[in-house]
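I opened a notebook on this structure and began with how its strands pair. My entries follow in the order I looked things up.

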Amino acid sequence: MVLLDYVLPELARRLKSNIKMISEKAANQLQRTQIVKILTQKTPELLLDYGSAKVAQQIVLEVFATSEVRRPFFTLGIEANSEAQFYTKDDQLMLNLNEISSHRIHLMNSGIGLFNPGLLKDITSEILTSVLIPNENGKLRSGIPMSMIKALGFEAASWSLTKDALVITPASS
């Protein structure tokens, strides 16, 4: 959950502007305590290909007019992908997610009437990039221990991506 106007005031202003295109009455109900709630539906899926990796995930984004209301203005279901980068740091394999792009957006619930959720595609992608990606990268920060490589007597390892695998190869020093 994020108090958008306090944490990301420019995005809050732009979200209000986008909602105003849908309903001016609804946009006027947005207060400085508007909340955006982001939930991931399932465990993100890692998709590997030669030289690149993506993380696919299903996300629910809810917008509340104020921090006091119980029902969201609207709820969006989002199918999104993020670019994933692997790298090694000390004896850890690290994963870092970069920008997120929303491929499909569905209106799941609306208290402001039916509207085309595609109108909010750009702003929702920016909110997810600004809020969700840093949160997920924080959870990934500890990395994946490569202690087995050390246990085999190798000081370092290299990695590469193939069609459906992350290949870790010991590199002797």
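Predicted model: local features only at pLDDT ≥ 70, side-chain atom pairs only at ≥ 80, totals over all residues.

Entry 1, pairing. I then looked up strand β2, residues 35-40, and found it antiparallel to β4, with six bridges joining the two. Ile35 has Phe64 as its bridge partner in β4.

Entry 2, the other partners of β4. I found five bridges between β4 and strand β3 (residues 45-49), again antiparallel. Asp49 stands opposite Ser52 of β4. β3 and β4 make a hairpin with two residues between them. I checked the turn and noted that Gly51 there has a positive phi of about 80°. Strand β5, residues 74-89, pairs with β4 in the antiparallel sense over eleven bridges. Leu61 has Leu76 as its bridge partner in β5.

Is strand β4 mostly covered or mostly open? I found it mostly covered: of the 13 residues in 52-64, ten are buried.

I placed Thr75 in strand β5. Its relative accessibility is 5%, so I counted Thr75 as buried, the cut-off being under 20%. Setting aside residues up to four places away in sequence, I listed what Thr75 touches: Val60, Leu61, Glu62, His106, Leu107, Met108 and Asn109.

I read a relative accessible area of 1% for Phe74, which means it is buried. Neighbours within four places aside, the contacts of Phe74 include Ile19, Val63, Ile112, Phe115 and Leu120. I also looked up Pro117, 43 residues from Phe74 along the chain; their C-alpha atoms are separated by 9.9 Å.

Entry 6, aromatic rings. How many aromatic pairs does the whole structure hold? My search found one. It is Phe74 with Phe115: the ring centres are 5.4 Å apart and the planes stand at 80°, so I wrote the pair down as edge-to-face. Phe74 sits in strand β5 and Phe115 in the loop between β6 and α4, so the pair links distant parts of the chain, 41 residues apart. Phe74 and Phe115 are both buried.

Asp5 is in helix α1 and Arg32 in the loop between α3 and β2, 27 residues apart. Asp5 has a relative accessible area of 15% and is buried.

Next I took Glu10 and Arg13, with the closest N and O atoms 2.5 Å apart. Both lie in helix α2 (residues 9-22), and because they are three residues apart they are separated by about one helical turn. Glu10 is partly exposed at 42%, and Arg13 is partly exposed at 48%.

Then I looked at Arg14 and Glu126, where the closest N and O atoms are 2.5 Å apart. Arg14 is partly exposed at 26%, and Glu126 is partly exposed at 30%.

I found a nonpolar patch formed by Leu3, Tyr6 and Val7, with about 290 Å² of accessible area together. Val7 lies in helix α1 and is exposed, with a relative accessible area of 53%.

Terms used. Residues numbered from 1 in each chain as written. Heavy atoms only, no water. Buried < 20%, exposed > 50% of the residue type's maximum accessible area, 1.4 Å probe, protein only. Helix = DSSP H or I, 4+ residues; strand = E, 2+ residues; numbered from the N terminus. Pairing = 2+ DSSP bridges. Patch = residues over 30% accessible without salt bridge, like charges linked within 9 Å, V, L, I, M, F, W, Y side chains within 5 Å. Areas by Shrake-Rupley, 256 points an atom, 1.4 Å probe, with all protein chains shown as cover. Salt bridge = Lys/Arg side-chain N within 4 Å of Asp/Glu carboxyl O. Contact = heavy atoms within 4.5 Å. Phe/Tyr/Trp six-rings, centres within 6.5 Å; stacked < 30°, edge-to-face > 60°.
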